[in-house]
Amino acid sequence: MILHLVDDEKVINRTVEAFEEALPGQNHFLCFIGKGKSPKHVKAHPLVEFYEEGDEYGTDLGKFGKIVFHFLNYKKVTFCKRYIKHFADYYWIVWSGDLYNSILLERGYKIYSPDNSHLSCSGIKRRIFYILKAKCRVKDPRNTLIVKFVREKVRYIVTECEKNYRLISAHFHLDKGVANLSFFYYPIREILGTQLADKQVEGNYILLGNSASFTNNHEYILNIFQKKHIENIRFLVPLSYGGNEVYKKFLKGKINQSFPGSVILNVFLPLEEYNRFLLSAGICVFGNWRSEAYGNILTSLYLGAKVYLSNHNPLLKMLRDMGIRVWELEGADAAGFQLPLSEEDRLENRRILTERYSKVQMLRLIRKNFSGDVSPDCVKSERESCL
């Protein structure tokens, strides 16, 4: 039996259905919610149990031989240390934020460009917190506990991006026997739905990032455009979640002044509406220095957009290794932003993504990687067959 430890996130509803379809009768999802709060995203389901953080947990968990972290954090680790006393195989499905923004940041890994205003747009506590972690290398004891737990307990690191696995191996000092498995949450045609599966981008806007999150490095992108004298363009800028109001106001002012006619998205849209929004962006630019916004990137590539990623982002190499036609942001020139993706490249990108990120492939990965023992040699063969 598999115990899935999850947070109240939208992707979990689809994940429950997928795991149960692939491995029927083998799954139980424990969803952590704040004390006294009701779930916002995860729906009631026979396989889902809601657990208020901090409550006593009285159910015997001895029947679960596999424990899967969907995003690894302190509350889940302390839960396991307290309530799971038997031997179990632990899996960490890496969401990137659980790796880069906390653990790697305090070990000196750079996720913000030098011209990012995230500190000046943050409160005093956040500035002090950042300086202690990133500059002074002061380690949060909660992260120290997580690293120790992963080193001692986690047998499988689940991430599409091999560099994430290498970073974890190096910084966590993992045993060589820890396997790197592959899994994804989003079958691409299901995300798009029947209305958009056969569509292509038509607009001439440039998508700027995927949210107001500071790690989008919006200013880094804008400064590159200005330094390269890339003018007469209009951005589509999703700012409906992440960041804070000070940062959003700052970005809106900077974008409206330097790139008039740009469109700022302030309201959170349902997935299907947001994907229609993406049809207006023939070019998409992501300034993230860590793996992030992967769903947006895949959707944009599938729809035929020309996608630029920073050379700091490990997803750039990963996508190129798949055969995907994708551009480096730092090497861009003004002329390139006037040219859409060729029809040949659009078709090839769509073909690769349709095969690699199908629901059939997702279910196959679940059955292969979450049932039975998975040796490192088997994982290596699996990865080579996918690339």
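In this predicted model, Ala18, Phe19, Glu21 and Ala22 of helix α1 meet Lys359, Met362, Leu363, Ile366 and Arg367 of helix α14, a contact being heavy atoms within 4.5 Å. By class, the contact of α1 with α14 comprises 6 nonpolar, no polar and 3 charged residues; Ala, Val, Leu, Ile, Met, Phe, Trp, Tyr, Cys and Pro count as nonpolar, Asp, Glu, Lys and Arg as charged, and the others, Gly among them, as polar. Residues are numbered from 1 along each chain as its sequence is written. Local features need pLDDT of at least 70, side-chain atom pairs count only at pLDDT 80 or more, and totals for chains, interfaces and linings use all residues, while side-chain values use heavy atoms, without hydrogens and water.

Helix α1 (residues 11–22) packs against α14 at an angle of about 65°, the axes lying 9 Å apart. The two helices are therefore roughly perpendicular (65 to 115 degrees). Helices here are DSSP runs of H or I with at least four residues, and strands are runs of E with at least two.

Lys368 also belongs to α14 (residues 359–369). Lys368 is partly exposed, its relative accessible area being 27% (between the 20% below which a residue is buried and the 50% above which it is exposed, with a 1.4 Å probe and protein chains only).

Turning to the sheet, 6 strands form an open, parallel arrangement in the order β10-β9-β8-β11-β12-β13, where pairing requires at least two DSSP bridges. The edge strands, β10 (263–265) and β13 (327–328), each pair on one side only.

Definitions and conventions:
Axes fitted to C-alpha atoms, helices over the stretch in contact; angles between N-to-C directions. Parallel < 35°, antiparallel > 145°, perpendicular 65-115°, else oblique.
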